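This report examines a single protein chain, beginning with the overall fold and moving on to individual residues. Please keep the sequence and the model in view while reading.

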Amino acid sequence: MITMASEIQGLRDILGRYTRTDIQKVVRPELNRLRDRAQALTVAEMPYKTGEMRRRTKTTLRTNPIRISVSSPVEYTKYVLGGTRPHIIRPRNASVLRFSMAGKTVFARKVYHPGTKPNRF
């Protein structure tokens, strides 16, 4: 699972002026709004092909320390974020690969993939 987190610097000092009740009434709803906004912005900027990464991404709010985390359990998230090196793709369960290219069906024993650039959306 990939997790990205952000802490709001200096917030603890600001919150020290409030009682726990004040924090629950005033600050917590604002932090929830910030969490929801972080989720919306992250999902909006994600690359989209199947939608799985968007659907399964979760945003959580922790209060001690105050931290908003965005995480994705989708296995290929690490390849989207970090990119890939050029590599050879070979068939695993067949003797050839089969795919479409320019509207035509192509068969190949191996394919040279050029790699992908990191996308930190």
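The sections below describe the fold, a helix, the nonpolar core and several individual residues of this predicted model.

**Overall architecture**

The protein contains four helices and seven strands. Read from the N terminus, these elements follow the order β-α-α-α-β-β-α-β-β-β-β. The radius of gyration is 21 Å, whereas the globule rule gives 14 Å for 121 residues; the protein is therefore more spread out than a compact globule. Along the principal axes, the C-alpha trace spans about 65 × 25 × 25 Å. Of the 121 residues, 21% are buried. When contacts between residues at least 6 apart in sequence are considered, 55% of them join residues at least 24 apart.

**Helix H2**

Helix H2 covers residues 20–45, a run of 26 residues. At 1.5 Å a residue, H2 should span 38 Å, and this agrees with the 35 Å that separates its end C-alpha atoms. The helix has a kink of about 40° at Val27, shortly before the proline Pro29. Val27 is also one of the buried residues of H2, which are Val27, Leu31, Thr42 and Val43.

An α-helix has 3.6 residues a turn, so residues three or four places apart point the same way.

**The nonpolar core**

Which residues form the largest nonpolar core? This core has seven residues, namely Leu11, Leu15, Val27, Leu31, Leu61, Ile66 and Ile68. Helix H1 (11–15), H2 and strand S3 (66–72) are the elements that give two or more residues to this core. In soluble globular proteins, nonpolar side chains tend to be buried together.

Leu11, a member of this core, is placed in helix H1. Apart from its neighbours within four places in sequence, Leu11 is in contact with Leu31 and Ile66. The C-alpha atoms of Leu11 and Ile66 are 7.8 Å apart, although the two residues are 55 residues apart in sequence.

Thr59 is placed in strand S2 (residues 58–63). With a relative accessibility of 15%, Thr59 counts as buried. Its side chain makes a polar contact with the side chain of Gln39, at 2.2 Å. Setting aside neighbours within four places in sequence, Thr59 is in contact with Arg35, Ala38, Gln39, Ile68, Ser69 and Val70.

Arg62 also belongs to strand S2. Arg62 and Arg35 are 27 residues apart along the sequence, and their C-alpha atoms are 10.0 Å apart in space.

Ser72 lies in strand S3. Is Ser72 buried or exposed? At 4% relative accessibility, Ser72 counts as buried. A polar contact of 2.9 Å joins its side chain to the side chain of Thr77.

**Residues in loops**

Gly83 is located in the loop between helix H4 (77–82) and strand S4 (87–89). This glycine has 15% relative accessibility and so counts as buried. Beyond its neighbours within four places in sequence, Gly83 is in contact with Lys78, Thr116, Lys117 and Pro118. For Gly83 and Pro118, which are 35 residues apart along the chain, the C-alpha separation is 3.9 Å.

Ala102 occupies the loop between strand S5 (97–101) and strand S6 (104–108). Its relative accessibility of 79% is over the 50% cut-off, so Ala102 counts as exposed. Most residues other than glycine have a negative phi. Ala102 has a positive phi of about 55° although it is not a glycine.

**Accessibility of selected residues**

The table gathers the accessibility values of residues discussed above.

| Residue | Relative accessibility | Class |
|---|---|---|
| Thr59 | 15% | buried |
| Ser72 | 4% | buried |
| Gly83 | 15% | buried |
| Ala102 | 79% | exposed |

Technical notes. Residues are numbered from 1 along each chain as its sequence is written. This is a predicted model: local features need pLDDT of at least 70, side-chain atom pairs count only at pLDDT 80 or more; totals for chains, interfaces and linings use all residues. Side-chain values use heavy atoms; hydrogens and water are left out. Buried means under 20% relative accessible area, exposed over 50%, partly exposed in between (1.4 Å probe, protein chains only). A polar contact is a pair of N or O atoms within 3.5 Å; within protein, one must be able to donate a hydrogen and the other to accept it, and residues adjacent in sequence count only if both atoms are side-chain atoms. Contact means heavy atoms within 4.5 Å. The expected span of a helix is 1.5 Å times one less than its number of residues. The bend at a residue is the angle between axes fitted to the seven residues ending there and the seven starting there. A nonpolar core is a set of buried Ala, Val, Leu, Ile, Met, Phe, Trp, Tyr and Cys residues joined through side-chain atoms within 4.5 Å. The radius of gyration is taken over C-alpha atoms; the globule rule is 2.2 Å times the number of residues to the power 0.38.
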